[in-house]
Amino acid sequence: MKRREPIEIFSLSFLDIISCAFGAVVMLILLAKNADQGEYNDAGQVANLVIALDGAEQQLQQLQQALKQSEQALAQAQAQGASNASQQRALEAQVARAKNNVQQLSDAASGLEQSLIERQRAAISAAQAPARDDEVGGIPVDSNYVVFIIDTSGSMKTIWPRVLTTLDEVLNNHPQVTGFQVLSDNGDVLGGSQLGSWRSDSKAQRAGVLRGLQHWSGSSNSSPVEGIAASLKAYARYQGDLALYVFGDDYTGTSYDAALAQINRLNRNHGNKPIARIHGIAFKRHSGASRDMIKFSTLMREVARQNNGTFMGL
């Protein structure tokens, strides 16, 4: 039997294989090392990247600044638009007020012209007056029952002595009446009497009323409508022989038509005739025609015209 030769493990072929394998491993290690570091291993390229990054950040800041400026410009444009709209509304309101003032001045001018005509007529009548005066100063004085309705608001207190002087003069234009009474523009009796009663006419009674009013400290709302209505309700039974004198400087109501309709309704009897003459006397607190006087004059001029009375501005 032929004996087998022993096998050599570390033969030349084995060493070749091991050498090739080792070479392959070294090559792989070298390739792997180059791949990890790549092109970033170059310092110049890294510097370029840093510069590019800084440039991008600067552009971003510039864009953010531009965006902020655009937002501010938009906000300013919106605010300017709102301001223009506000200015337009203010101008429209000014135009409306100017138109209203023109209308009121036109009414006042008309009232003053009417007052002038009545004064001229009074002057002519005074020269030709018969023995018994039924008209004094343009105001008919043919009534035996007289009610004075006086605005007692704060504005009238500044001219109170002139108001009392006028009251005295009007009383003197009625040398003798059967009864008289004095109310506030709210319809309250000024003094100790009650609404519906009369003060007897005498020199002492007239003087006492004037003395009591010198220190009057009440107040009211500057609207003659309430006083006129209260007088017509309380004294309507004296129809045809009743006169109301309304003293004032202002009308705080909001509607002329409603006030006039209420007064005319109360001052009509079954024959649709006025129950009382209603006169209006407007007082000026300043030179020229103030807005307060214009409102009062506008109302009372028409009330007097429609109720057989006379309107005068003092």
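1. Is Phe22 buried or exposed? Phe22 is exposed, because its relative accessible area is 59%, and the cut-off for exposed is over 50%. You'll find Phe22 in helix H1, which covers residues 12–37. Together with Val26 and Leu30, Phe22 forms a nonpolar patch on the surface, with about 300 Å² of accessible area between the three.

2. Keep in mind that this is a predicted model. The average pLDDT for the chain is 80, and 78% of the residues score at least 70. Take care with residues 122–133, though: the pLDDT there is below 50, and the stretch has five contacts in the model beyond near neighbours in sequence.

3. Now the overall picture. The chain has eight helices and eight strands, and 32% of its 314 residues count as buried. Of the contacts between residues at least 6 apart in sequence, 77% join residues at least 24 apart.

4. On to charges. Side chains of opposite charge can pair when their charged atoms come close. A search of the whole structure turns up three salt bridges. One of them links Asp142 and Arg277, with the closest N and O atoms 3.1 Å apart. Asp142 sits in the loop between strands E2 and E3 and Arg277 in strand E7, so the pair ties together parts 135 residues apart in sequence.

5. Arg206 pairs with Asp201, at 2.7 Å between the closest N and O atoms. Arg206 counts as buried at 11% relative accessibility, and Asp201 is buried too, at 14%.

6. Arg305 and Glu302 form a salt bridge at 2.4 Å. Both lie in helix H8, three residues apart, about one turn of the helix. Arg305 is exposed, at 57% relative accessible area.

Technical notes. Residues are numbered from 1 along each chain as its sequence is written. Side-chain values use heavy atoms; hydrogens and water are left out. pLDDT is the predictor's confidence in each residue, from 0 to 100. Contact means heavy atoms within 4.5 Å. Helices (H or I, at least four residues) and strands (E, at least two) are DSSP runs, numbered from the N terminus. Buried means under 20% relative accessible area, exposed over 50%, partly exposed in between (1.4 Å probe, protein chains only). Patches are made of residues with over 30% relative accessible area and no salt bridge: like charges are joined within 9 Å, nonpolar side chains (Val, Leu, Ile, Met, Phe, Trp, Tyr) within 5 Å. Accessible areas come from the Shrake-Rupley method with a 1.4 Å probe; for residues, only the protein chains shown count as cover. A salt bridge is a side-chain nitrogen of Lys or Arg within 4 Å of a carboxyl oxygen of Asp or Glu.
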